[in-house]
Amino acid sequence: MKNKNIVFLGTPDFAACVLEGLISEKYNIIAVVTQPDKPIGRKKVLTPTPVKVVAQKYNIPVYQPISLRKDYDFLKEMDIDMLITTAYGQILPTEVLNMSKINNINVHASLLPKYRGGAPIHRSIINGDKVTGVTIMEMVDKMDAGKMYAKDEFVIDDQINTTQLFEKLQYVGRDLLLKVLPDLLENKIEGVKQNE
């Protein structure tokens with residue numbers, strides 16, 4: 001089961017934490033897709049994404065297309081069992097979703113169907129939510145609309161800020177994914193459709 005070929009797509013620290021978890025559990029990550037390096041700071045130093053840093057540490061091939069909708073031919077050469085995304089930052093086209101044999105899953109930092117799309121952690125803080133969490137969900141060609149496979153809640157402390165919540169939720173996401181991934185790889189979880 002851990003020999004299944006996984007392509008991981010993600011960008012920030014949140015995603016890097018999830019990727020580290022998969023690697024530490026000896027899952028077979030055959031490639032990583034992340035956003036292009038960006039100039040950071042006053043001196044505009046070209047800086048790799050946190051996910052790229054982790055992938056390079058373990059000698060995993062890294063791809064950084066500007067637009068995955070236009071540039072995904074590199075994936076056609078791979079024998080992909082599953083795509084896993086975590087805060088990648090681009091919507092995956094149907095052609096890419098159809099490349100995997102088993103399923104495609106996303107680690108999403110909200111309790112869906114609440115806060116689909118970008119910045120779910122920011123939105124939970126802005127709205128004064130008392131509880132947030134992570135959802136492991138099916139990826140479909142529509143924003144965060146697939147079936148939900150698992151959720152884990154996290155109580156938001158009054159003192160917590162967005163940065164701290166990001167940090168806490170990355171571990172919630174990592175642990176939840178590692179808990180359900182064996183069953184997902186064997187198609188043992190039915191999933192629950194989201195209420196539109």
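Visitor: Does Asn59 count as buried, partly exposed or exposed, and at what relative accessibility?
Guide: The model in view is a predicted one, and the relative accessibility of Asn59 in it comes to 70%. An exposed residue is one over 50%, so at 70% relative accessibility Asn59 counts as exposed.

Visitor: How wide is the arc within which the buried residues of helix 2 fall?
Guide: Helix 2 covers residues 50-57, and its buried residues are Val51, Lys52, Val54 and Ala55. An α-helix has 3.6 residues a turn, so residues three or four places apart point the same way. Seen down the axis of helix 2, the buried residues line one face of the helix, because they fall within an arc of 160°.

Visitor: Which residues does Tyr63 touch, leaving aside residues up to four places away in sequence?
Guide: Tyr63 is found in strand 5, and at 28% relative accessibility this tyrosine counts as partly exposed. Its C-alpha atom is separated by 26 Å from that of Pro182, which is 119 residues away along the chain. Not counting residues up to four places away in sequence, Tyr63 touches Ala31, Val32, Val33, Thr34, Phe74 and Met78.

Visitor: Which residues does Pro113 touch, under the same exclusion of residues up to four places away in sequence?
Guide: Pro113 lies in the loop between strand 7 (103-108) and helix 5 (120-126), and at 37% relative accessibility it counts as partly exposed. From C-alpha to C-alpha, Pro113 and Pro12 are 22 Å apart in space, while 101 residues apart in sequence. Once residues up to four places away in sequence are set aside, Pro113 touches Met148, Gln194 and Asn195.

Visitor: What is the radius of gyration of the chain?
Guide: The chain holds six helices and nine strands. The globule rule gives 16 Å for 196 residues, and the chain comes close to this, so it is as compact as a globular protein of that length, its radius of gyration being 16 Å.

Visitor: What share of the 196 residues is buried?
Guide: Of the contacts between residues at least 6 apart in sequence, 65% join residues at least 24 apart. The accessible surface of the chain comes to about 10,100 Å², with 50% of this area belonging to carbon and sulfur atoms. As for the 196 residues themselves, the buried share is 50%.

Visitor: How far apart are the centres of the positive and the negative side chains?
Guide: The chain carries 25 positive and 24 negative side chains. The distance between the centres of these two sets is 4 Å.

Definitions and conventions
Residues are numbered from 1 along each chain as its sequence is written. This is a predicted model: local features need pLDDT of at least 70, side-chain atom pairs count only at pLDDT 80 or more; totals for chains, interfaces and linings use all residues. Side-chain values use heavy atoms; hydrogens and water are left out. Helices (H or I, at least four residues) and strands (E, at least two) are DSSP runs, numbered from the N terminus. The radius of gyration is taken over C-alpha atoms; the globule rule is 2.2 Å times the number of residues to the power 0.38. Buried means under 20% relative accessible area, exposed over 50%, partly exposed in between (1.4 Å probe, protein chains only). Contact means heavy atoms within 4.5 Å. Accessible areas come from the Shrake-Rupley method with a 1.4 Å probe; for residues, only the protein chains shown count as cover. Lys and Arg count as positive and Asp and Glu as negative; His and the chain ends are not counted. The place of a charge is taken as NZ of Lys, CZ of Arg, CG of Asp or CD of Glu. The arc is that of the directions from the helix axis to the C-beta atoms.
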